[in-house]
Structures are given as C-alpha cells and as structure tokens.
Amino acid sequence: MSEALTNFRFRIAGCGAALPSVALTNETLAGELGVEEDWILARCGIEQRYQSNLEETTLSLAVSASRKALEFDPVPNPDLVLCSTFTPEYLLCPTAPAIAKELGLPAVGAFDINAACSGAAIGFLTSINFLATGFAKRVLLVCSDTPTKYLKQTDRNTRILMGDGAAAIVLETNDTCESHILSWLWGSDGGGNKMFHLPGGGSALPPASLQDNENELSVAMDGRSLFRFAVEQGSSAIASLIEKAKLTVGDVDWVIVHQANRRIIQALIDRSGIAGERWVSNIGGVGNTVAASIPLALAQGMEQGLFHQGHRVLVLGFGAGLTWAGFLMQW
C-alpha cells in the first residue's frame, strides 16, 4: 500500500442522482416477456428499473445528476470532469467534455473511463490520485449509463436486470478534509471479455457489416459465468480489502457493492460474514445501472444520513471486461 495515498485527505463535497422519467415495473415487463412477476423477482430481486426515452440520454442524465451534486457546494468549479460510462453519448467520442460544456464550465480537463460496472470504483480511485498528486483540486466524477437502449426487447435475461441512470460525486481536497483511503485494489481478466458485450459497433465488427442483421446490435450476456465471477471474485476482493487495511469484518460499518443482482449481493453477504443490515442496496428499485450503480446507492445512503465521521465504508465494483476494483475508506 502507498503510504502517501493512505495519508492523503479528501472529502465528498456533493452527490446527486438522476433517473429517467418512466419506471418499468415487473408487472409491465412480465406482460411484455410472457413470464410471471414472481419469476422476475426470484431471478434477480428487482421490482422495477428505469428505461430512458429518446430524449433521455447518457449525457442528459449525467448533466442532471451533476447539477444536483454541485448544488451542495457550488464553489469553486471542478477543474477536472471524469465520466464513467460504457454507453457514451456518441461512439468514438468522449462524453465528459460535453458534460462540462452543458454545465457552463471553462475549458477544464475532461475525459471518459470505460470500466463497465467497475467504473465508479475505478473512477473514484482515479479521482483520488489526481487530487493526491496535485493535478486537480476538485473533481466531478459522473457515472452515467443507458444500457436499455442496447437490449433485445425479447431477451428476458437482460431486460429484467438492466436499468438506466446516472449519479455524480464531487471530490475535493483542502486543509479541512478528513476522509481517507485505508486500502484499495483493482484487477482484470480479459479472457472473459465476451461474457457481456455488444457484438457489433466495435473494430471487431464495424457497423457497416451489420446492415442486414439488426439483432447483432443487441447485448450478448453469459449470465451464469458472470454470476460465478461476481461471487467468487467479489468475495475474495472484500476479504482482501479488509486484510490490507488490517481490520476485521466487524470493523466495517457499511458496504456498497455493484448492484448487479440481489442473489449476487446475498451470496457476498453470506460469504463475507458482514451483517446484511450494513449493506446499502437499491437494486430492487432501480435495477442494474452499470457504472451508476454504486454512486446511486451512495447518494441514497447520504440522503438517509447513514454515513458519519469515522465510519469505515467498503466499496466494490465488478463486471464486464472482466474488471474489478474496490476500496475501503474512512468517512
């Protein structure tokens, strides 16, 4: 562990969330897919998810969440904007500069991070490193994804899970900050890069080759393999974060993991030994929102006043790529 990073102090100066205007309930979805509501709930623990319309995009949701986050403490302006997304506003073009423009910011640094469901955790660690090295004093980290635009409408395995949404976090450093990182980790396994992917639209299969095969524009998912990866890698990462911080399971006050599937979360609770009441979860109401998942849960926890000075909060993301990343911080 880097002593310089664990000694570095920062604070979360604001947090905001944005969801599409329409919630897709299990009742409606069950009718569309020809399944029972109870089947959906048993498979993933999700009761509703949000589906964006044509006017609601990764950019519009990101800007809305960012404005809410900046309302907490609007001065000074962020000097860096990071957007974590795997569904950018336009292919081959980063979304972060457009977010900065819509917010009326000056010509600040702005770029995207694509780490899928690990994007929030990796984005947080990236932000902290920019702050710790002095490259930035205030970072706006925006996590926004609209995966429902890429789902085949008859695919019950993906449609019951995925939801659209965005959340933004303002991170800053100054002489009064007290939050700090206790431990962190990240990793990847490119051997699983096809477990969740869009078969078309990348250099492996350019859009021109898809003109007569519209189904190839829909997400392909190996659900069983992803479930196994999330449980095995997730439980190992939780144990590693606690060990690296020289803490015990009982020292962890709150846990926020990627909201992929309630069955995955329950498996991680069982394996970790951390009591279920210490896990912040919102998957039942919003579904799997990819990069936005962790900060949406964080925003919910902050709104409910769950986190207090001195609390130890464990954050972990895992997903497509395959990627995983996490940290244990003291609030």
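In this report, helices (H or I, at least four residues) and strands (E, at least two) are DSSP runs, numbered from the N terminus. The structure is a predicted model. On that numbering, Leu322 belongs to the loop between strand 12 and strand 13. The peptide bond joining Gly321 to Leu322 is cis, with omega about -10 degrees.

An open sheet is formed by 5 strands in the order 1-7-6-4-5, and its pairing is mixed. Strand 1 and strand 5 (109-113) are the edge strands, each pairing on one side only. From one strand to the next, the twist averages 15 degrees.

| Strands | Sense | Bridges |
|---|---|---|
| Strand 1 (residues 11-18) and strand 7 | antiparallel | 7 bridges |
| Strand 6 (residues 138-145) and strand 7 | antiparallel | 8 bridges |
| Strand 4 and strand 6 | parallel | 5 bridges |

Within strand 7, Ile169 stands opposite Cys15, while Leu171 is the bridge partner of Val139. In strand 6, Leu141 is the bridge partner of Leu82.

Strand 7 (residues 165-172) has 8 of its 8 residues buried, so it is largely enclosed by the rest of the structure. In a regular strand the side chains alternate between the two faces of the sheet. In strand 7 both faces are covered: Gly165, Ala167, Ile169 and Leu171 are buried on one side, and Ala166, Ala168, Val170 and Glu172 are buried on the other.

Strand 6 is likewise described by its burial: 8 of its 8 residues are buried, so the strand is largely enclosed by the rest of the structure. One side of strand 6 carries Arg138, Leu140, Val142 and Ser144, the other carries Val139, Leu141, Cys143 and Asp145, and all of these are buried.

Helices also lie against this sheet. Helix 6 (residues 119-132) lies across strand 1, strand 4 (80-84), strand 5, strand 6 and strand 7, and runs at about 165 degrees to strand 6. Helix 11 (residues 293-303) packs on the sheet as well, touching strand 1, strand 6 and strand 7, and its direction makes about 110 degrees with that of strand 1.

## Helix 8 and its surroundings

Helix 8 (residues 223-244) has 22 residues and reaches 31 Å from its first C-alpha to its last, close to the 32 Å expected at 1.5 Å a residue. The buried residues of this helix include Phe229, Val231, Ile238, Leu241 and Ile242, together with Gly234 and Ser235. The partners against which the buried residues of helix 8 pack include helix 9 (262-272), strand 8 (180-188), strand 12 (312-319) and strand 13 (323-330). After helix 8 comes Lys246, whose phi is positive, near 60 degrees.

## Helix 2 against helix 3

Helix 2 (residues 26-33) packs with helix 3 (residues 37-44) at an angle of about 110 degrees, their axes lying 8 Å apart. That angle makes helix 2 roughly perpendicular to helix 3. In this contact Asn26, Glu27, Leu29 and Ala30 of helix 2 meet Glu37, Ile40 and Leu41 of helix 3. By class, the contact of helix 2 with helix 3 has 4 nonpolar, 1 polar and 2 charged residues.

## Individual residues

Several single positions complete the description. Thr158 lies in helix 7 (residues 156-159). Thr158 has a relative accessible area of 1% and is buried. Apart from its neighbours within four places in sequence, Thr158 is in contact with Leu151, Val219 and Met221.

A cis peptide bond also runs from Val75 to Pro76, with omega near 0 degrees. Pro76 lies in the loop between helix 4 (58-71) and strand 4.

Leu92 is not a glycine, yet its phi is positive, at about 70 degrees. Leu92 is in the loop between strand 4 and helix 5 (96-102). With 90% relative accessibility, Leu92 counts as exposed.

Val290, not a glycine either, has a positive phi of about 60 degrees. Val290 lies in the loop between helix 10 (283-286) and helix 11. Val290 is buried, its relative accessible area being 1%.

Technical notes
Residues numbered from 1 in each chain as written. Predicted model: local features only at pLDDT ≥ 70, side-chain atom pairs only at ≥ 80, totals over all residues. Heavy atoms only, no water. Expected span 1.5 Å × (residues − 1). Buried < 20%, exposed > 50% of the residue type's maximum accessible area, 1.4 Å probe, protein only. Contact = heavy atoms within 4.5 Å. Axes fitted to C-alpha atoms, helices over the stretch in contact; angles between N-to-C directions. Parallel < 35°, antiparallel > 145°, perpendicular 65-115°, else oblique. Nonpolar A, V, L, I, M, F, W, Y, C, P; charged D, E, K, R; others polar. Pairing = 2+ DSSP bridges.
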